[in-house]
Amino acid sequence: MPTSAGTMTHLYSVVPVSDRAAALGWFAAFFGRPADEVVGGEALWRVSDTAWVVVDEHPERAGNALLTLGVAGLDAILARLVAHGAGHEPVETYGNGVRHVVVVDPDGNRLSLAEAP
């Protein structure tokens, strides 16, 4: 719904990594597929019609990302990550039934997964 102040329509969330080439394999396992697009040095994974996670090499900023992604099939995602050698913190279940877990990439970026009941 446009307003006189303008409308924001898309989200591109950048995860800074120290080694782009090495990160691509980890993020392919995280998302269960290779990047949907590569633009210059950026690898982009589409998470919805208007939201993307972008992995880009910024060694000076690597390890400082905090993202939360809403997911379906949390157990399958965690099984895939474990099969690829990526661990995760314990799964928590909140009072509202949301299951939440933090996955940490090799640079220390914290990617939270949340599944609604």
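For sorting residues here, Ala, Val, Leu, Ile, Met, Phe, Trp, Tyr, Cys and Pro count as nonpolar, Asp, Glu, Lys and Arg as charged, and the others, Gly among them, as polar. What you're looking at is a predicted model, in which local features need pLDDT of at least 70 and side-chain atom pairs count only at pLDDT 80 or more, while totals for chains, interfaces and linings use all residues. Residues are numbered from 1 along each chain as its sequence is written, and side-chain values use heavy atoms, with hydrogens and water left out.

Let's start with the overall layout. The protein chain has 2 helices and 8 strands; both kinds of element are DSSP runs numbered from the N terminus (helices are H or I with at least four residues, strands are E with at least two). The C-alpha trace spans about 45 × 35 × 25 Å along its principal axes.

Contact here means heavy atoms within 4.5 Å.

The other open sheet of 4 strands has the order β5-β8-β7-β6, again with mixed pairing. Here β5 and β6 (92-93) stand at the edges with a single partner strand each, so one side of each has no neighbour in the sheet. In this sheet β5 runs parallel to β8 (residues 110-115), and 5 bridges join them; G70 stands opposite A114 in β8. Helix α1 packs on this sheet as well, touching β5, β7 (99-104) and β8, with its direction at about 10° to that of β8. Meanwhile, α2 lies across β7 and β8, running at about 20° to β7.

How do the helices themselves meet? Helix α1 (residues 20-31) and helix α2 (residues 74-83) pack at an angle of about 150°, with their axes 8 Å apart. That makes α1 roughly antiparallel to α2, a label used for angles over 145 degrees, whereas under 35 counts as roughly parallel, 65 to 115 as roughly perpendicular and the rest as oblique. The axes are lines fitted to C-alpha atoms, for helices over the stretch in contact, and angles run from 0 to 180 degrees between N-to-C directions. On the α1 side, A29, F30 and F31 meet I77, R80 and L81 in α2. The residues of this contact divide into 5 nonpolar, no polar and 1 charged.

Finally, there's the largest pocket, with about 310 Å³ of space. It has 18 lining residues, and F31, V47, L69, G70 and V71 lie nearest its centre. On a 1 Å grid over the protein atoms alone, a pocket is an open set of points where a 1.4 Å probe fits, with protein on both sides within 12 Å along at least five of seven lines; lining residues have an atom within 4 Å of a point. The largest share of the lining, 4 residues, comes from β5. By type, the lining divides into 12 nonpolar, 3 polar and 3 charged residues.

How values were computed: Points joined across faces, edges and corners; volume = space filled by probe spheres on them. Pairing = 2+ DSSP bridges.
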